[in-house]
Amino acid sequence: MQILIIIFEYQQVLSTGFTTLGIVGGGDTGNDCTGTCIRHGCKSVTQIEMMPCPPEERLASNPWPEWPKVLKTDYGQEEAIALFGHDPRIYETTIKELITKKGRLTAVRTVKVRFENRNMIEIEGTEQTLKCDLLIIAAGFVGCEDYTPKAFGVDLGSRGTVATSSPDTYKTSVDKVFTAGDMHRGQSLVVWAIVEGRHCARAVDEYLMGYSYMED
Ligand SMILES: Cc1cc2nc3c(=O)[nH]c(=O)nc-3n(C[C@H](O)[C@H](O)[C@H](O)COP(=O)(O)OP(=O)(O)OC[C@H]3O[C@@H](n4cnc5c(N)ncnc54)[C@H](O)[C@@H]3O)c2cc1C
């Protein structure tokens with residue numbers, strides 16, 4: 001999972017009373033946060049990304065020439081570049097410490113990192129302090145919120161989603177309980193949620209009637 005940290009400094013104090021904002025998160029959500037905060041009037045944006053900057057063009061070792069293995073500059077970053085004159089992203093960096101004053105966040109301490117055998121190693125002497133008084137976490141989907149599966153008593157699979165006997169089935173480990181969408185396939189897209197909703201409805205119809213005339 002990519003981790004992206006975005007730090008915003010606002011031109012004026014927001015209704016919440018915060019003047020600088022940070023967002024921890026990755027991928028499309030992090031980009032959405034960048035674009036949204038720019039449109040809310042931030043005066044600076046810094047995105048801190050733990051992974052190295054991907055190459056601008058596909059490497060010979062990469063058969064699928066798309067993000068995240070090739071650099072993608074989405075609308076949020078494009079707006080930041082247009083407004084502030086530079087790419088907001090800083091790579092191979094993470095947050096080491098949150099600095100507070102009287103119980104409120106005022107800054108974050110960052111450090112450069114590298115990866116060895118998939119372990120993140122901090123690089124000594126590379127710490128920096130960045131002003132930040134609100135940090136928003138948008139770190140990506142790591143599984144269902146556990147209270148819903150617990151409430152229904154359903155089993156979870158290895159990806160932290162509600163388990164079914166195969167990806168094309170919607171019946172859970174509990175009789176009469178079905179699952180679909182992100183809870184079933186993990187973080188995905190609206191089009192998949194729509195397709196899964198239709199297929200799940202058909203599966204329920206078949207379960208109840210023994211057959212279904214619903215279209216796929
Ligand atoms: C920030 C963000 C940006 C995204 N951008 C895009 C995008 O640009 N394009 C795209 O295609 N996808 C995008 N996605 C992904 C997309 O939103 C999801 O894949 C999709 O919404 C999944 O649909 P779903 O019906 O499975 O779940 P959800 O849309 O999450 O719906 C689940 C619903 O169940 C309700 N619920 C939860 N527990 C209970 C309960 N116990 N009882 C009753 N109701 C309950 C919730 O309140 C919610 O309304 C984005 C996701 C995020 C988080």
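Tutor: Helices here are DSSP runs of H or I with at least four residues, and strands are runs of E with at least two, numbered from the N terminus. The model is predicted. By that count the chain holds 5 helices and 9 strands. Their order from the N terminus is β-β-α-β-α-β-β-β-β-β-β-α-α-α. Of the 216 residues, 24% are buried.

Now take helix α2, residues 75-84. Three of its residues, G76, Q77 and A80, are buried, with 20 or more other C-beta atoms within 10 Å of their own. Seen down the axis of α2, the buried residues fall within an arc of 95°, so they line one face of the helix. The general rule is simple. An α-helix has 3.6 residues a turn, so residues three or four places apart point the same way. The face of α2 turned away from the buried side carries Y75 and A82, both exposed. Just after α2 comes G85, with a positive phi of about 85°.

Next, the strands in the surroundings of the sequence. Strand β4 spans residues 89-90 and runs parallel to β3, joined to it by 2 bridges. In that pairing, R89 of β4 stands opposite Q47. Strand β3, residues 42-49, is mostly covered, with 6 of its 8 residues buried.

Last, the chain as a whole. Among contacts with a separation of 6 or more, 49% join residues 24 or more positions apart.

Key:
Residues are numbered from 1 along each chain as its sequence is written. This is a predicted model: local features need pLDDT of at least 70, side-chain atom pairs count only at pLDDT 80 or more; totals for chains, interfaces and linings use all residues. A residue is buried if 20 or more other C-beta atoms lie within 10 Å of its own, exposed if 12 or fewer, and partly exposed in between; C-beta atoms are placed from the backbone. Two residues are in contact if their C-beta atoms, placed from the backbone, lie within 7 Å. Two strands pair if DSSP finds at least two bridges between them. The arc is that of the directions from the helix axis to the C-beta atoms.
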